[in-house]
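Please look at the protein below before reading on. The paragraphs that follow go through its chain, its sheet, its helix and its core in turn.

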Amino acid sequence: MWFRRKRPQSLAYDPARQRPVIRASICTGEQTACLRDRETGKLEEVMLLRTPEDRQSFCRACGVGEDEVEIIY
């Protein structure tokens with residue numbers, strides 16, 4: 001049986017309610033793409049970022065540039 005990486009389906013992103021952020025671990029450097037609710041600050045994990053291409057696909061799905069995404073620790 002072959003294991004394949006899951007690609008993000010459709011991103012339920014509402015720019016009026018959410019903003020794209022990247023949550024990074026200080027210890028391991030692992031990065032996770034998330035959507036942060038503007039009112040409550042709650043994070044919704046979208047995907048694990050393993051390569052620069054993953055980060056680019058997340059930014060394209062949200063319609064923002066890579067320099068516009070905030071990194072939180």
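Of the 73 residues in the protein chain, 27% are buried, where buried means under 20% relative accessible area, exposed over 50%, and partly exposed in between, using a 1.4 Å probe and protein chains only. The model is a predicted one: local features need pLDDT of at least 70, side-chain atom pairs count only at pLDDT 80 or more, and totals for chains, interfaces and linings use all residues. Residues are numbered from 1 along each chain as its sequence is written, and side-chain values use heavy atoms, with hydrogens and water left out. The protein chain exposes about 5,700 Å², and carbon and sulfur atoms supply 49% of that area; accessible areas come from the Shrake-Rupley method with a 1.4 Å probe, and for residues only the protein chains shown count as cover.

Helices (H or I, at least four residues) and strands (E, at least two) are DSSP runs, numbered from the N terminus.

The four strands make an open sheet in the order β3-β2-β1-β4, with mixed pairing; two strands pair if DSSP finds at least two bridges between them. The edge strands are β3 and β4 (70–72), each of which pairs on one side only. From one strand to the next, the twist averages 35 degrees.

Helix α1 packs on this sheet and touches β1 (18–24), β2, β3 and β4, while its direction makes about 140 degrees with that of β3. Axes here are lines fitted to C-alpha atoms, for helices over the stretch in contact, and angles run from 0 to 180 degrees between N-to-C directions.

Now take the strand pairs one by one. β1 and β2 pair in the antiparallel sense over seven bridges, with glutamine 18 opposite aspartate 37 in β2. Their hairpin has six residues between the strands, and glycine 29 in this hairpin takes a positive phi near 80 degrees. β2 and β3 also pair in the antiparallel sense, over six bridges. Across this pair, threonine 32 stands opposite leucine 48 in β3, and leucine 35 stands opposite glutamate 44. Five residues lie between β2 and β3 in their hairpin, where glycine 41 in the turn has a positive phi of about 80 degrees.

Why is β2 largely enclosed by the rest of the structure? Five of its seven residues are buried.

The largest nonpolar core has 10 residues, including Tyr13, Leu35, Met47, Phe58 and Cys62. Such a core is a set of buried Ala, Val, Leu, Ile, Met, Phe, Trp, Tyr and Cys residues joined through side-chain atoms within 4.5 Å. β2 (31–37), β3 (43–49) and α1 each give two or more residues to this core, and the largest share, three residues, comes from α1.

Arginine 55 lies in helix α1 (residues 52–62) and is buried, because its relative accessible area is 19%. Apart from neighbours within four places in sequence, arginine 55 is in contact (heavy atoms within 4.5 Å) with Ile22, Gln31, Leu49, Glu66 and Ile71.

Cysteine 62 is buried at 8% relative accessibility. Leaving aside neighbours within four places in sequence, cysteine 62 is in contact with Leu11, Tyr13, Pro20 and Leu35. A disulfide is a pair of cysteine sulfur atoms within 2.5 Å, and a search of the whole structure finds zero disulfides.
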